[in-house]
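This briefing is meant for a reader who is meeting the structure for the first time. Please keep the sequence and the model in view while going through the points that follow.

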Amino acid sequence: MRLFRLIRLFLVPVLLAAGMVVPAATAPPARAALEAPAAATLPTGFREVVAHEGLTRPTAVRFAPDGRVFVAEKSGLVRVFDGPADRTPSTWADLRTQVHDYFDRGLLGLALAPGFPADPSVYVLYTLDADPAAPDVVPAYGRPGVAGDPCVDPTATTYGCPALGRLSRLRVPAGGGAPVEEPLLTGWCQQFPFHSVGSLVFAPDGSLYAGAGDGAGVVALDHGQHGGGTVPRNPCGDPPGGVGATLTAPTAEGGAFRSQDLRTAGDPVGLSGTIIRIDPATGRGVPANPLADEAEANAQRVVATGLRNPFRMTLRPGTQEVWTGDVGYYIHEEVNRIVPGRGAPANLGWPCHEGPVRQEGFAGAGYDVCRDLYADGSAQAPHWSYPHRGSAAGESCPRTDGSSVSGLAFYPGGSYPDAYDGALFVADYARGCIWSLRAGPDGVPDPATAEPFAEGAAAPVDLVAGPGGDLHYADIMGGRIVRIVHAAGNRPPVARVTATPTEGPAPLTVAFDGGGSADPDGGALVHTWDLDGDGAFDDATGVRATRTYTAAGTVTARLRVADSAGAAGTAEVRVTAGNTRPDAALAAPAATATWAAGQEIAFRGSAADAQQGALPASALRWELILRHCQEGGGCHEHPVRTWAGVASGSFNAPDHEYPSELELRVTATDAGGLTDTAAVVLRPRTVQLSVASDPPGLALSVNGRPGTSPVTRTVVEGARATVTAPSPQDAGGRSLVFDRWSDAGARTHDVVARADTALTARFRPAVPSWTAFARVNFQPAGAPVPGGYRADAGAVYGDRGGLRTYGWDRPNPYALDRGAASSPDQRWDTFAHTQRRGTNLRWELAVPSGEYRVRLVCGDPVRRNSDYRVDVEGVRACNARATADRRWTEATVVVRVTDGRLTLTNAPGGSNNKLAFVDVDRRSAG
């Protein structure tokens, strides 16, 4: 453990300016954008500037045609800057009572009506502070008008914290006043405080797109089995069973499987894990949607399903194409292209697929939903994906912090080089990285062109093109909107300033230093100073300056640096005379404290101020941060919750995967607005969870991560983990099936490890059993069809109805019905040639991959001029010469299909091959 004081704000502030061409002036100029501290590494000619600041956890930004800038804050506030020069945002709407501001939940989506401001509608998408069991009781967890809501501690990340999503329209009444909320759609059931709602984007036709995640748990595989305490199991009422039902593999349809709800029957269609398109006036699905003719209103809204957390999306200009990121589990981050139209909505495959591959944690557990999805092959692969922990297009962004795709924007054209016109930019919050995918000849972003654009971007959670096309992103942790600008030719210099000291008793003598300023083109700089805050740079010249402030108060001092061509940049620093910052103290928890999942942790703190004495509790603000780390080092932050105006309290440590740690911060603010922050980082107690197999060396998974046994994972003490024994498995040429776990748990079940725990999954040899899959009789179109069989009259491969697809690689007209008395029954009396007059044909049957028993009959009740040689998946079946005494030949073979088609072909040595009928059985191990 370690207790430390955060760097004191403004102690040695370095606020860098954009470097704009600013003429000398005596009146206060419009505010210049400030160069972003710790600016990202960008291509030559690009730089970051701070467009707007003074925000608290900004999540989305939108630019109005009238110059205003709307920003959503996670707590539920909608803030507005009047224009580029506005330094201080005003509060336009306050939704904190309705918004559940906890963990990944909050006000996350924002959009302005296409006709704004003539149509003054502003649309918001947020997590509603309401339990699905009582949706009209708001707030269910927090307090009216307060940010930083609680949940059902200590069960929020263990059992869940059920909530809903809401999409609303906000409009200022004709007579003025506060905006009025008009809810359009409430739904998106979510059990856990992860993968909540996401983006709002308007299409060219005026329809509104909205996206949301699956609302499932992230620590252990979640199929709806979790619940306890005050939270019922399966609180979203997913099949099989309703609220309170205990769901088990393989039939469960809850948890992450809510994203596949459109494929499953037994409950109303939910919207979790989907992209929807609605009429913004009514909230209903639009007539052009894929399922507009369905009876259920939610089905009418859906344009894409099978998404884990489509946190951000955008539309490709000039099209209806939706481009969305999908935050990965542990394999891949995705960028998906969705082209809405009639027919089936796009299915992006989660949780059965992750990126371009199967999600082995869910696949190995044998869920019915995944089995069926694999069988029909309808899941759409991502347009571009990158590995959760691996390199993406050669970038050098830190990958040890994990990955989280968090922003997408198309560049519409502007001051950037022409090569970027139409490019898709993709941001990752955890890596602090932004990539570009340049447009191909057809205008579609080309994955082959993916390359890093910004490395070291500061916590981007929304990426948009602003006025003039420049990219902007919301820095959620820094409370800023950052703009990425480009300058061709002479580049503006970058100003940097330090001040020593920045506060103290009056009179206060301050030494300013602009020696850190630089010209990217290597030219000499002229330094001028505005030290009295009047906006005129007429108080001093030179690299360094000194000023004594005699009157108490705060002054913003500025440095302007200019090159020989007149390009300039500014930087500023706040100086406070007559006041010193307070001293925040964190008394508990101690630096040596550790935690287990669910453990209650008390906190206590205070603050003293030289001018005011002991500060009251109202001067304190607390924030709990979950630092999600990666093996090998590196963490990214998840804000959990805040407390304002209290000197003490408690929280329960979350159930989270390891490595992770908690950081608790207390910030004191004095009457003059100066602040001080103290913090403590708390590390968890850990235990070892080991899983083995009998026999050894088989595949097992822990929390969806597969491995070859024995597998050992470090987990947080008291945390849940899901263990899975995939079955059946091949070992040494034998087929083995799961028998039992040593703790008597199901093949897929949760384990709570409060101490070092060892489990063994025992397997036994499989006893094969066969289930009839297909019966096909080869015959001309006019022949009677034998009972229990489907006819094949020679058509090419295609859908024959009744969930059966089969046929020939080419039309096959050579089918006969002999009407021979020697035939045992109609099946033996009919046949189709597969080899005649030098023509070799192939017959295929669509099957899920697996093992099949195939009985094949070749023959002709009249003629015996054939050498029957027919293979099934390369295995010889028919293999005999016809004679008067043996007009038919038959065989049964067992084959494995891996490509979704059972294939029958003519084999070498065959002559005049004829197929009478085929029986196909599918193997299931028991």
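This is a predicted model: local features need pLDDT of at least 70, side-chain atom pairs count only at pLDDT 80 or more; totals for chains, interfaces and linings use all residues.

The lining of the largest cavity draws at least two residues from each of E24, strand E43 (620-629) and strand E44 (635-644), and the largest share, four residues, comes from E44.

**Cavities**

- The count comes to seven cavities of 30 Å³ or more, and the largest cavity holds about 650 Å³ of space.
- The lining of the largest cavity is made up of 36 residues, and Asp104, Asn309, Val327, Ser404 and His638 are those that lie nearest its centre.

**Disulfides**

- The structure holds five disulfides, among them one between cysteine 397 and cysteine 433, with an S to S distance of 2.1 Å.
- The link of cysteine 397 and cysteine 433 is right-handed, with 60° about the S-S bond.
- Because cysteine 397 lies in the loop between strand E23 (384-387) and E24, while cysteine 433 lies in strand E26, this pair ties together parts that are 36 residues apart in sequence.
- Cysteine 397 counts as buried because its relative accessibility is 3%, and cysteine 433 is likewise buried, with a relative accessible area of 0%.
- Another of the disulfides is formed by cysteine 352 and cysteine 370, whose sulfur atoms are 2.2 Å apart; the torsion about their S-S bond is about -90°, so this disulfide is left-handed.
- The pair links distant parts of the chain, 18 residues apart, with cysteine 352 in the loop between strand E20 (346-347) and strand E21 (353-354) and cysteine 370 in helix H3 (residues 368-376); both cysteine 352 and cysteine 370 are buried.
- A further disulfide joins cysteine 858 to cysteine 878, with 2.0 Å from S to S, and the link of these two cysteines is right-handed, with 90° about the S-S bond.
- Since cysteine 858 lies in strand E66 (residues 850-859) and cysteine 878 in strand E68 (residues 875-881), the pair ties together parts that are 20 residues apart in sequence.
- Cysteine 858 counts as buried at 0% relative accessibility, and cysteine 878 is buried with a relative accessible area of 0%.

**A buried asparagine**

- Asparagine 234 is found in the loop between strand E14 (208-212) and strand E15 (275-278), and its relative accessible area of 1% is why this residue is classed as buried.
- When its neighbours within four places in sequence are left aside, asparagine 234 is in contact with Gly224, His226, Gly241, Gly242, Val243, Gly244, Ala245 and Leu247.

Terms used:
Residues are numbered from 1 along each chain as its sequence is written. Side-chain values use heavy atoms; hydrogens and water are left out. A disulfide is a pair of cysteine sulfur atoms within 2.5 Å. Buried means under 20% relative accessible area, exposed over 50%, partly exposed in between (1.4 Å probe, protein chains only). Contact means heavy atoms within 4.5 Å. On a 1 Å grid over the protein atoms alone, a cavity is a set of points where a 1.4 Å probe fits but cannot get out, and a pocket is an open set with protein on both sides within 12 Å along at least five of seven lines; lining residues have an atom within 4 Å of a point. Grid points are joined across faces, edges and corners, and a volume is the space filled by probe spheres set on the points.
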